[in-house]
Amino acid sequence: MPTLNLLPSPPVTFSKSDHHYSTNNSFLRQPYLLNRSQQLAHCPLPLPGSSSKAFELRCIHVIPSGFPSKATSQSLSSAVKLGLPRIYEYPLRLSSQIPKSAASDLPQEASSLDSTDSNKKTLKLALVFGLWYFHNIVFNIYNKKVLNIFPFPWLLASFQLFVGSVWMFFLWFFKLQPCPKISKPFIIALLGPALFHTIGHISACVSFSKVAVSFTHVIKSSEPVFSVIFSTFLGDTYPLTVWLSILPIVLGCSLAAITEVSFNFQGLWGALISNIGFVLRNIYSKKSLQSFKEVDGLNLYGWISIISLIYLFPVAVFVEGSQWIQGYHRAIEAIGKPMTFYIWVLISGVFYHLYNQSSYQALDEISPLTFSVGNTMKRVVVIVSTVLVFRNPVRPLNALGSAIAILGTFLYSQATAAEKAKKKSRISRSHGGRSWRKN
């Protein structure tokens with residue numbers, strides 16, 4: 001049975017020709033480019049009585065199309081004279097290396113592969129969004145259930161950060177998530193973002209303990225307003241479209257607050273301070289963590305949770321620690337079964353971390369614009385879900401105000417994305433102009 005020798009062969013010089021053709025085995029290293037007759041080519045064994053020149057031609061060499069046909073015919077006739085099999089008499093050219101049927105199938109195979117990849121990407125994106133929404137809904141429901149019978153948001157917020165810290169240590173210990181390299185500059189750079197994250201988290205928990213979950217999320221949808229204001233004070237500029245997009249947010253939140261049945265000033269201020277905390281966290285993170293871009297979002301959030309727990313728990317003990325024991329007994333009396341209370345608290349802690357983890361994973365998979373739109377729709381889903389679960393009374397004007405605020409958030413995300421695209425195009429044009437002038 002003939003075999004294909006893939007060993008590199010020395011150059012072959014054809015006599016009676018002005019051209020020297022070197023051996024090229026690149027096509028032989030790609031068997032899918034050869035047809036059946038070409039794959040049967042083999043290197044002859046030494047023949048008794050044959051000339052020593054017979055051993056110089058160790059393997060068939062493909063002559064690309066476009067070379068002089070004279071050289072090709074000479075090489076083939078030389079092969080016959082050397083006593084090689086007549087299979088070498090077939091002219092092998094580059095144009096005949098891919099059969100027509102195989103060539104016609106290539107575009108179809110490529111399109112099928114593209115469609116398969118697209119389907120997998122769509123499925124993965126749907127899974128990431130689904131988990132993100134599901135984790136958020138479960139957290140908000142059980143967080144509110146616990147706060148209804150155990151109104152101590154400082155302790156609950158500390159426990160949620162504690163669960164997230166233990167979760168990250170578990171992932172790092174068992175190498176399910178690569179542990180980032182910890183250095184003193186990295187920890188120092190995290191102190192500011194972790195502080196603002198602590199303020200944002202505890203303020204939101206206080207708001208959840210005082211008002212309906214739906215109202216807190218409506219007020220938290222005004223976060224873009226604070227982002228534009230603080231960024232402007234720090235030197236950033238925004239076009240008129242961005243400023244106009246925040247007007248519906250202010251109007252909608254105001255209308256929702258006026259008509260809210262469960263309105264409470266502590267709940268309102270808690271949601272507003274939460275917005276300020278998270279906006280400052282985002283702004284401060286961009287400045288202090290520029291040198292640590294190799295740390296991915298999940299690891300970054302894990303260390304922020306750990307430092308936030310160190311910030312928050314001592315303050316929680318000082319603020320409400322003396323009331324925890326009495327509050328625990330009242331909660332057990334209200335719910336009847338201690339295990340049910342423990343499960344609710346544990347679920348709130350686990351899903352608090354999971355929804356933040358899934359949000360970072362979603363941000364890794366999609367563009368910032370798609371993430372902003374998804375975050376806006378997430379608030380809609382959470383508001384509707386909590387209203388259905390807790391049966392909170394909603395007035396028509398309250399629903400209208402909520403819708404206007406959420407619409408404004410969507411318009412803001414569109415306006416900021418358009419402005420970023422314009423800045424990128426201007427930068428690319430300026431770079432292109434510079435390179436053209438250099439040329």
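Predicted model: local features only at pLDDT ≥ 70, side-chain atom pairs only at ≥ 80, totals over all residues.
## The salt bridge

Glu 419 pairs with Arg 426 in a salt bridge, their closest N and O atoms lying 3.8 Å apart; the term stands for a side-chain nitrogen of Lys or Arg within 4 Å of a carboxyl oxygen of Asp or Glu. The structure holds 1 salt bridge. Side chains of opposite charge can pair when their charged atoms come close. Glu 419 is buried, because its relative accessible area is 16%, while Arg 426 counts as partly exposed at 46%. Here buried means under 20% relative accessible area, exposed means over 50%, and partly exposed is in between, with a 1.4 Å probe and protein chains only.

Which residue is 181 residues from Glu 419 in sequence and 8.1 Å from it in space? That is Tyr 238, with the distance taken from C-alpha to C-alpha. Tyr 238 sits in the loop between helix H7 (223-233) and H8, and its relative accessibility of 24% makes Tyr 238 partly exposed.

## Reading the model

Residues are numbered from 1 along each chain as its sequence is written, and side-chain values use heavy atoms, with hydrogens and water left out.

## Overall make-up

The protein chain has 14 helices and 0 strands. Helices (H or I, at least four residues) and strands (E, at least two) are DSSP runs, numbered from the N terminus. Of the 439 residues in the protein chain, 42% count as buried.

How many disulfides are there? The count comes to 0, where a disulfide is a pair of cysteine sulfur atoms within 2.5 Å. As for individual cysteines, Cys 179 is partly exposed at 47% relative accessibility, whereas Cys 253 is buried at 8%.

## Helix H8 and its two faces

Helix H8 covers residues 240-258, and its 19 residues should span 27 Å at 1.5 Å a residue; the end C-alpha atoms are 28 Å apart, which agrees. The expected span is 1.5 Å times one less than the number of residues in the helix.

Which residues of H8 are buried? They are Val 242, Ser 245, Ile 246, Ile 249, Gly 252, Cys 253, Ala 256 and Ala 257. These residues lie on the same side of H8, because they cover an arc of only 130 degrees around the axis; the arc is that of the directions from the helix axis to the C-beta atoms. Leu 240, Leu 247, Leu 251 and Ile 258 are exposed, on the face of H8 turned away from its buried side.

## Helices H4 and H7

H4 has 21 residues, and the 30 Å from its first C-alpha to its last is close to the 30 Å expected at 1.5 Å a residue. Its buried residues include Pro 153, Leu 156, Gln 160, Met 168 and Trp 172. In H7, the buried residues are Glu 223, Pro 224, Val 225, Phe 226, Ser 227, Val 228 and Ser 231. Just after H7 comes Gly 235, with a positive phi of about 110 degrees.

## Positive phi in two loops

Lys 175 is not a glycine, yet its phi is positive at about 60 degrees. Lys 175 belongs to the loop between helix H4 (153-173) and H5, and counts as exposed at 73% relative accessibility.

Arg 391 is not a glycine either, and has a positive phi of about 55 degrees. Its place is the loop between helix H13 (368-390) and helix H14 (396-438). Is Arg 391 buried or exposed? Arg 391 is exposed, with a relative accessible area of 73%.

## A nonpolar surface patch

Leu 195, Ile 199, Phe 263, Phe 265, Trp 269 and Ile 273 make up a nonpolar patch on the surface, and together they have about 560 Å² of accessible area. Patches are made of residues with over 30% relative accessible area and no salt bridge, with like charges joined within 9 Å and nonpolar side chains (Val, Leu, Ile, Met, Phe, Trp, Tyr) within 5 Å. Accessible areas come from the Shrake-Rupley method with a 1.4 Å probe, and for residues only the protein chains shown count as cover.

Helix H5 (184-210) and helix H9 (265-288) each supply at least two residues of the patch, and the largest share, 3 residues, comes from H9. Phe 265 is found in helix H9 and is exposed, with a relative accessible area of 55%.
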